[in-house]
Number of protein chains: 2
Amino acid sequence: MAMENNTERFEKLLVKNGLKRTTPRLQVLEILSGRDSATSQPYLEQVMGKDADRVTLYRVLQAFEEKGIIHKVLDQQGTANYAICSDGCSAHEHHDEHVHFNCDNCHKIYCLDTVKIPALKVPSGFKVEHLNLIATGICASCADKVN
Amino acid sequence: MAMENNTERFEKLLVKNGLKRTTPRLQVLEILSGRDSATSQPYLEQVMGKDADRVTLYRVLQAFEEKGIIHKVLDQQGTANYAICSDGCSAHEHHDEHVHFNCDNCHKIYCLDTVKIPALKVPSGFKVEHLNLIATGICASCADKVN
DNA sequence: GCTTTATTTGCAACATAATTGCATTAATAT
DNA sequence: ATATTAATGCAATTATGTTGCAAATAAAGC
C-alpha cells in the first residue's frame with residue numbers, strides 16, 4: 001500500500017501546469033480517473049451536481065484541455081467526452097492519435113491506446129496535421145453480456 | 001449544352017425517394033451541389049436566410065439523410081456538415097466510409113472519396129461496425145494561397 | 001381544371017446547451 | 001497576515017435543437 005495517493009498526484013499535476021489546486025478541478029480529475037472510458041460532459045455535470053456551477057465545469061474542462069491534461073473526443077452525436085491523457089500528452093502536443101471506440105449499445109467511448117491510426121495517403125496538396133478515428137460498434141463488455 | 005438541368009435532376013432525385021418537390025428541398029440541393037466541400041448547418045441557415053424556416057431546414061436535412069441523399073459529417077467542433085452522397089449511397093447503407101478532411105484554415109470539410117479507411121486491428125471482443133476518420137490540417141487550396 | 005388527400009411548411013413555444021461580464025471568493029506568494 | 005492573482009458562482013444573454021399544430025402546398029383522382 002505504498003502507492004501514492006490520488007489526490008496528491010492530481011495536486012502535483014495541477015501545480016505542474018500552473019493551475020491552482022481547487023475543489024472543482026480535483027473533483028473532475030477524481031471522476032475522470034475512476035472510469036474506464038471517456039466521460040461525457042453531461043455525465044460530469046450530473047455527477048458534480050450542485051457542487052460546481054455548470055460554467056465552472058466548462059472552464060475547468062477547457063483549461064485541462066489546453067494544458068494537455070485531458071483530451072476531448074466527440075461521439076457520433078457531437079457530444080463532448082473527456083479522458084485523462086496518457087503521459088505523452090502536453091500542452092503543445094496531444095498524443096491522442098489513438099483510435100476511439102464508441103459503443104452503439106452502452107454509448108461508452110473507449111480510448112484504444114494500443115491501436116495506432118495507420119498512415120494515410122491523401123491527395124497531393126493536402127497537409128495532414130492530425131488524424132481522428134472513431135470506430136463504432138459493440139464493445140467487448142456489451143458483447144459479453146449478450147452471451 | 002445538352003447536359004441535363006440541375007433542377008430536373010434534383011426533382012427526379014426527390015421523387016425517387018418519395019419526397020415531394022418543394023422549394024426548400026430544391027434550394028438545399030442547389031446549395032450543396034454548388035460547393036466543393038461539405039456545408040455546415042449554420043452556413044446553410046445563413047444562405048437560405050428567410051427563404052426557409054430554421055425548423056424546415058432541420059427537417060429537410062434529416063429527411064435527406066434518412067433517404068441517403070446526403071451524409072452528415074461532424075467537424076472538430078461538433079458542428080454538423082452535410083455533403084451530397086455519391087451514387088453508391090442509399091437509405092439502407094451509406095457508403096460514406098471515406099476520409100474527411102477538415103481544414104484548420106478555411107474550416108472547409110472535404111470528402112476525400114478516393115481515400116479509403118485502412119482496415120483496423122482492435123482488441124479482441126470489440127466488434128467494429130463503422131469507421132469514421134477525420135483528418136485535420138491545411139487543404140490544398142489554402143496551402144496554395146500561402147505561396 | 002377542380003377537388004381531395006397527404007405531406008410539408010412556418011410559427012410559436014419550449015427545452016437544452018454554451019458563452020460572457022462581473023462581483024465575490026479562494027489560493028498562492030510575499 | 002496581507003497582498004496579489006486566479007478561479008468560482010451567479011445572472012443575463014445567445015445559440016442550438018425540438019415539438020405541436022394550423023395553414024399552405026404538392027401530387028393524385030375525378
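How far is a sugar or linking oxygen of DNA strand D from an N or O atom in the side chain of Lys20(A)? The distance is 2.8 Å in this predicted model, which falls under the rule for a polar contact, namely a pair of N or O atoms within 3.5 Å, where within protein one must be able to donate a hydrogen and the other to accept it, and residues adjacent in sequence count only if both atoms are side-chain atoms. Because the model is predicted, local features need pLDDT of at least 70 and side-chain atom pairs count only at pLDDT 80 or more, whereas totals for chains, interfaces and linings use all residues. Residues are numbered from 1 along each chain as its sequence is written, chains are lettered from A and ligands numbered from 1 in the order in which they are written, and side-chain values use heavy atoms, with hydrogens and water left out.

Helix H2 (23-33) and helix H4 (54-67) of chain A, together with helix H4 (54-67) of chain B, are the elements that give two or more residues to the surface near DNA strand D; helices (H or I, at least four residues) and strands (E, at least two) are DSSP runs, numbered from the N terminus. There are 19 residues around DNA strand D, and those that come nearest are Lys20(A), Arg25(A), Arg59(A), Arg54(B) and Tyr58(B), where a residue is near a molecule or strand if one of its heavy atoms lies within 4 Å of it. Sugar and phosphate make up 59% of the atoms of DNA strand D that come within 4 Å of the protein. By class, this surface has 7 nonpolar, 3 polar and 9 charged residues; Ala, Val, Leu, Ile, Met, Phe, Trp, Tyr, Cys and Pro count as nonpolar, Asp, Glu, Lys and Arg as charged, and the others, Gly among them, as polar.

Turning to DNA strand C, 19 residues surround it, and the closest are Arg54(A), Tyr58(A), Thr22(B), Thr56(B) and Arg59(B). The side chains of Thr22(B) and Thr56(B) each bring an N or O atom to 2.8 Å from a phosphate oxygen of DNA strand C, and the side chain of Lys20(B) has an N or O atom 3.2 Å from a sugar or linking oxygen. Of the atoms of DNA strand C within 4 Å of the protein, 61% belong to sugar or phosphate, and bases supply the rest.

The two protein chains also meet each other. Their contact, meaning heavy atoms within 4.5 Å, takes 37 residues from chain A and 36 residues from chain B. About 2,600 Å² is buried between them, 69% of it on carbon and sulfur atoms, buried area being the accessible area (1.4 Å probe) that two parts lose on being put together, summed over both. Leu120(A), Phe126(A) and Asn132(A) supply 20% of the area that chain A buries against chain B, more than any other three residues. Across this interface the rule finds 8 residue pairs in polar contact, both at pLDDT 80 or more, and S6(A) gives the most to the side of chain A that touches chain B, with 12 residues. That side divides into 22 nonpolar, 9 polar and 6 charged residues.

S6(A) also pairs with strand S6 (residues 127-138) of chain B, the two running antiparallel and joined by 11 bridges; strands pair if DSSP finds at least two bridges between them. Within this pairing, Thr136(A) has His130(B) as its bridge partner.

S2(A) pairs with strand S3 (residues 80-84) of chain A over 5 bridges, and Ile70(A) stands opposite Ile84(A) in S3(A).Finally, Arg21(A) and Glu11(A) meet through their side chains in a salt bridge (3.6 Å, N to O), a term for a side-chain nitrogen of Lys or Arg within 4 Å of a carboxyl oxygen of Asp or Glu.
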